[in-house]
Amino acid sequence: MDGTEHLTVRREGATLVLTLNRPEARNALSLAMLVGLHDGWLAADADDAVRSIVLTGAGDAFCAGMDLKALAGDGMAGEEHRDRLKADPDLHWKAMLRHHRPRKPVIAAVEGPCVAGGTEILQGTDIRVAGASATFGLFEVRRGLFPIGGSTVRLQRQIPRTHALEMLLTGRPYSAPEAAAIGLIGHVVPDGTALARALEIAEQVNSCGPLAVEAVKASVYETADMTETDGLAAELRRGWPVFATADAKEGARAFAEKRAPVYKRA
């Protein structure tokens, strides 16, 4: 996968790194960026050699939200991007992880502003690392807009409702330490090191059994809104087949032989 002019793709071992690459606009979301993101998620899921995904931003920002002019076609490079949206009107929601959940774990590496649409995409990621000077927030109400990327649904499920409502209704910025304190992000690291820390976490994920990792992630999301009884039943349906895989046998052998396992997704 080659990405687009606003979304770069590279491999770091078994990790696919997707970089929002429009630093002159603080990585505001353009159609070219959304097309690249959409294709990146699908490419990662289709490639068994990819075991994790890291999402980050170029320059000194993660993402400043939606660029309405670019989405309308003003200054957008390449008619093929507009054609992609016409062919799939749901593409932008899939790109923003509103209507698509990758099978592989997604780790966000945030530096600088991660606001509005940036914070909405963040809620679709699984593990989140931020530099100490990063900022977060859903500014839509300040502009008379609605955070329609999923935040009124997801945020209250990810952090306490009182914090979710304050973020949604005040539209104020949150520092990285404050975002960590309310549970929006998991790690605060020195500025400039978020990507390195995210890649370290990705490598830890990559060293685990890929079938087990994918099943665990699927189970967590699938059971989130179930009763405990229904959730435990669903967990068995997801988890029990993993024990019959070659990956599970390799993990047991490696443990007995005191060596690192070599997983082949079987």
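Phe243 counts as exposed because its relative accessibility is 61%, above the 50% that marks an exposed residue. This value, like the others in this report, is computed from a predicted model. Trp240 also counts as exposed, since its relative accessibility is 61%. A pair of aromatic rings is described by the distance of the centres and the angle of the planes. The count of such pairs in this model comes to 1. Its members are Trp240 and Phe243, whose ring centres lie 5.4 Å apart with 40 degrees between the planes, a tilted arrangement. The tilted class applies because an angle under 30 degrees would count as stacked and one over 60 as edge-to-face.

**Charges over rings**

| Charged residue | Ring | Distance to ring centre |
|---|---|---|
| Arg142 | Phe139 | 4.6 Å |
| Arg172 | Tyr174 | 3.9 Å |

In the second, the charged end of Arg172 is placed over the ring of Tyr174.

**Helix α10**

Helix α10 comprises residues 210–222, 13 residues in total. From the first C-alpha to the last, α10 reaches 18 Å, close to the 18 Å expected at 1.5 Å a residue. Which residues of α10 are buried? They are Pro210, Val213, Glu214, Ala215, Lys217 and Ser219. An α-helix has 3.6 residues a turn, so residues three or four places apart point the same way. The elements covering the buried residues of α10 include the strand β4 (106–110). Also among them are the helices α9 (194–206), α11 (228–239) and α12 (246–257).

**Pocket and cavity**

Rolling a probe the size of a water molecule over the atoms shows where empty space is left. The largest pocket holds about 450 Å³ of space, and its lining consists of 19 residues. Nearest the centre of this pocket lie Arg101, Arg154, Arg157, Gln158 and Tyr221. Helices α6 (151–158) and α10 each supply at least two lining residues. Which element gives the most to the lining of the largest pocket? It is α6, with 4 residues.

The volume of the largest cavity is about 40 Å³. Its lining is formed by Val50, Arg51, Lys104, Pro105, Pro210, Val213, Glu214 and Arg265. Of these, Pro210, Val213 and Glu214 are also listed among the buried residues of α10.

Note on methods
Residues numbered from 1 in each chain as written. Predicted model: local features only at pLDDT ≥ 70, side-chain atom pairs only at ≥ 80, totals over all residues. Heavy atoms only, no water. Phe/Tyr/Trp six-rings, centres within 6.5 Å; stacked < 30°, edge-to-face > 60°. Buried < 20%, exposed > 50% of the residue type's maximum accessible area, 1.4 Å probe, protein only. Lys NZ or Arg CZ within 6 Å of the ring centre and 35° of its normal. Expected span 1.5 Å × (residues − 1). Contact = heavy atoms within 4.5 Å. 1 Å grid on protein atoms, 1.4 Å probe; cavity = no way out; pocket = protein on both sides within 12 Å on 5 of 7 lines; lining within 4 Å. Points joined across faces, edges and corners; volume = space filled by probe spheres on them.
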